[in-house]
Amino acid sequence: MSTALPEHAPQRIAAARRRARTAKLGLAAAGLAFFGLGMTLAKANVAGHSRRPLRPLDAPARFQAIVRKDALAGGLLAPAQAAPGATTSQS
Amino acid sequence: MIAGQTAFRAMGCDIVAAGADEPALEAIRRLFAERDRVFSRFRPDSELSSVNRAAGEPTLVSPRFAETVQCALAVAEQTGGLVDPTVGASLVALGYGHDFAELGDNPAPPGPVGPAPGWRRIELTGRLLRIPYGSAIDLNGVVKAATVDEAVDLLSGGGFVSAGGDLAVRGATDVALPAGGAVRVVRGGIATTGTDRRRWRRGGAWYHHLIDPATGLPARSPWREVSAAGASCLDADVAARSALLAGAGGPEWLDRRGLPGRFVAEDGRVTVNRTWTEMMIGPECT
């Protein structure tokens with residue numbers, strides 16, 4: 001029994017390999033597109049994904065500045081009502 | 001001095017306590033002596049001197065020392081760097097390296113000074129402290145006022161404690177002000193700082209202890225003395241020093257923070273800021 005390949009077999013094999021390569025590329029592209037689409041949808045809809053650049057969790061700098069500014073607290077003064085028993089002078 | 005007051009020397013100034021019974025007075029004496037032992041720039045055996053000698057190297061400090069440095073850094077931040085603990089080297093270079101009572105008229109010119117390294121270069125992690133190489137820190141301002149606040153808490157009843165004029169009250173106290181006048185401190189403390197008392201001659205020129213961190217030199221200010229009141233003696237002291245260092249903008253600097261201040265100009269003219277005026281409802285005080 002002859003085992004020789006038919007005369008047109010090499011062309012068919014080459015064509016099959018081209019189809020396989022195209023299919024692989026197509027699958028990879030589809031995978032990438034699917035992944036990209038999935039990530040986009042996740043960012044838009046899933047709470048755990050940030051939609052904007054991350055910001056630190058601490059209080060805004062302006063708020064912190066106000067708190068620090070107010071950290072020096074004023075005392076309570078009134079007009080003198082008697083002869084002073086103490087004095088404030090340069091230390 | 002009125003009855004019920006006791007005075008003693010500590011930290012290079014007069015400490016006055018009023019309303020303290022004998023145990024409280026003893027506790028106040030011990031408190032000032034202990035703080036002086038730890039924080040004096042003039043004692044070679046103080047913890048502060050050890051830290052300054054180890055400038056550039058990490059040093060393990062006591063919990064009290066770490067807490068005080070943290071307080072000094074907070075003060076520096078709150079004042080925008082006006083009150084900066086890294087001016088210690090400038091003070092020494094200008095001649096204030098010994099107790100003030102020992103400073104004479106030294107004809108030698110002062111050493112070179114430059115801008116303070118800056119409080120942001122102090123590294124404090126827990127009790128591990130590193131100050132910039134070649135620098136020295138001065139915590140005296142913070143320590144003295146904070147000690148006054150601690151001391152007044154030792155009083156069982158009403159009274160006050162004053163250290164060189166930095167004063168904290170428990171109960172309303174009438175306090176004489178520089179250049180005349182008086183005010184009633186109802187709560188908190190009052191402090192006065194200035195340029196014409198703690199000063200010395202070096203190389204034929206006068207220097208004072210309020211250093212401008214930007215130059216490392218004694219600050220130039222239109223004010224000879226500034227008194228300010230705060231919720232504590234520390235707040236008052238920081239406010240007074242900051243207002244003097246802020247120069248002509250001192251009254252506004254205090255107003256923005258709701259702190260009352262009274263300013264004596266070089267010519268003796270007395271000015272008060274808006275907050276001070278608002279606190280006074282009577283004509284007796286200016």
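I began with confidence in chain A, a predicted model: helix 2 (residues 61-69) of chain A is lowest, at a mean pLDDT of 61, and helix 1 (residues 9-45) of chain A is highest, at 93. pLDDT is the predictor's confidence in each residue, from 0 to 100. The mean for chain A is 83, and 79% of its residues reach 70 or more. Where pLDDT is low, the predicted coordinates should not be read in detail.

I noted the conventions: residues are numbered from 1 along each chain as its sequence is written, and chains are lettered from A in the order in which they are written. Local features need pLDDT of at least 70, side-chain atom pairs count only at pLDDT 80 or more, and totals for chains, interfaces and linings use all residues.

I listed the elements of chain A as 2 helices and 2 strands, in the order α-α-β-β from the N terminus. Helices (H or I, at least four residues) and strands (E, at least two) are DSSP runs, numbered from the N terminus.

I then looked up B:Ala33, found in helix 1 (residues 22-39) of chain B. B:Ala33 is exposed, because 12 other C-beta atoms lie within 10 Å; the cut-offs are 12 or fewer for exposed, 20 or more for buried and partly exposed in between, with C-beta atoms placed from the backbone.

Last, I examined the open sheet of 3 strands in chain B, which has the order 3-5-4 and antiparallel pairing. Strand 3 (59-60) and strand 4 (123-125) of chain B stand at the edges, each with a single partner strand, so one side of each lacks a neighbour in the sheet. Two strands pair if DSSP finds at least two bridges between them.
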